[in-house]
Amino acid sequence: MTMMLRAVLIAGSLLTTALIIRKIRQSKAQIEDSVFWVFVSVILIIFSVFPKTADILSRLAGTYSTSNFIFLFIIFLLMVKVFSLTLRVSQLEAKQRELVQRIALNEKEREEKGNEKRERE
């Protein structure tokens, strides 16, 4: 692993960690969501501080170079994150649809009660 790649990995992981901590402090990110990004930052720091780890994993994965392995690994992690976010969005859409239906039913019941009350008067 070249020194330039190591420097980029260290800088990227430190910037990511700093951004995550800043967003948590501003209450713009939940801790549960931020754990993934801290995990990615730690992995990048491990790969940059101990490059032999990335070299060994690269050989095990059968990639031609360590940098290709790191890019492949990060792309895989991001795909897993996108999939988990897709699941969460689907669940939120289902909950939203259910809430909209409940609100519509409540409004219809309120409207019917209002009509019945007017008819009695």
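Contact here means heavy atoms within 4.5 Å of each other. This is a predicted model, where local features need pLDDT of at least 70 and side-chain atom pairs count only at pLDDT 80 or more, while totals for chains, interfaces and linings use all residues. Residues are numbered from 1 along each chain as its sequence is written, and side-chain values use heavy atoms, with hydrogens and water left out.

**View 1. Confidence along the chain.** The score to look at is pLDDT, the predictor's confidence in each residue, from 0 to 100. The protein chain averages 86, and 98% of the residues score at least 70. Helices, by the way, are DSSP runs (H or I, at least four residues) numbered from the N terminus. Confidence is lowest in helix α2 (residues 31–49), with a mean of 81, and highest in helix α4 (residues 66–120), at 90.

View 2. (The expected span is 1.5 Å times one less than the number of residues.) Leu 5, Leu 9, Ser 13 and Ile 20 of α1 are buried; that is, under 20% relative accessible area, against over 50% for exposed and partly exposed in between (1.4 Å probe, protein chains only). The buried residues of α1 pack against α2 and α4.

**View 3. Helix α2 among its partners.** The buried residues of α2 are Ser 34, Phe 36, Val 40, Ser 41, Ile 43, Leu 44, Phe 47 and Ser 48. They pack against α1, α3 and α4. The end C-alpha atoms of α2 are 26 Å apart, which agrees with the 27 Å that 19 residues should span at 1.5 Å each.

**View 4. Where α2 meets α3.** Helices α2 and α3 (residues 51–61) pack at about 100°, with axes 4 Å apart. Axes are lines fitted to C-alpha atoms, for helices over the stretch in contact, and angles run from 0 to 180 degrees between N-to-C directions. That makes α2 roughly perpendicular to α3, a label for 65 to 115 degrees (under 35 is roughly parallel, over 145 roughly antiparallel, the rest oblique). Phe 47, Ser 48 and Val 49 of α2 touch Pro 51, Thr 53, Ala 54 and Leu 57 of α3.

**View 5. Where α3 meets α4.** Helices α3 and α4 pack at about 80°, their axes 9 Å apart, and are therefore roughly perpendicular to each other. The contact brings together Ala 54, Asp 55, Leu 57, Ser 58 and Ala 61 of α3 with Thr 66, Phe 69 and Ile 70 of α4.

View 6. The end C-alpha atoms of α4 are 81 Å apart, and 81 Å is what its 55 residues should span at 1.5 Å a residue. Its buried residues are Thr 66, Phe 69, Ile 70, Ile 74, Leu 77 and Lys 81, and they pack against α1, α2 and α3. Lys 81 has a relative accessible area of 12%, so this lysine is buried. Leaving aside neighbours within four places in sequence, Lys 81 is in contact with Asp 33, Phe 36 and Trp 37. Arg 118, also in α4, counts as exposed at 60% relative accessibility.

Methods. Helix = DSSP H or I, 4+ residues; strand = E, 2+ residues; numbered from the N terminus.
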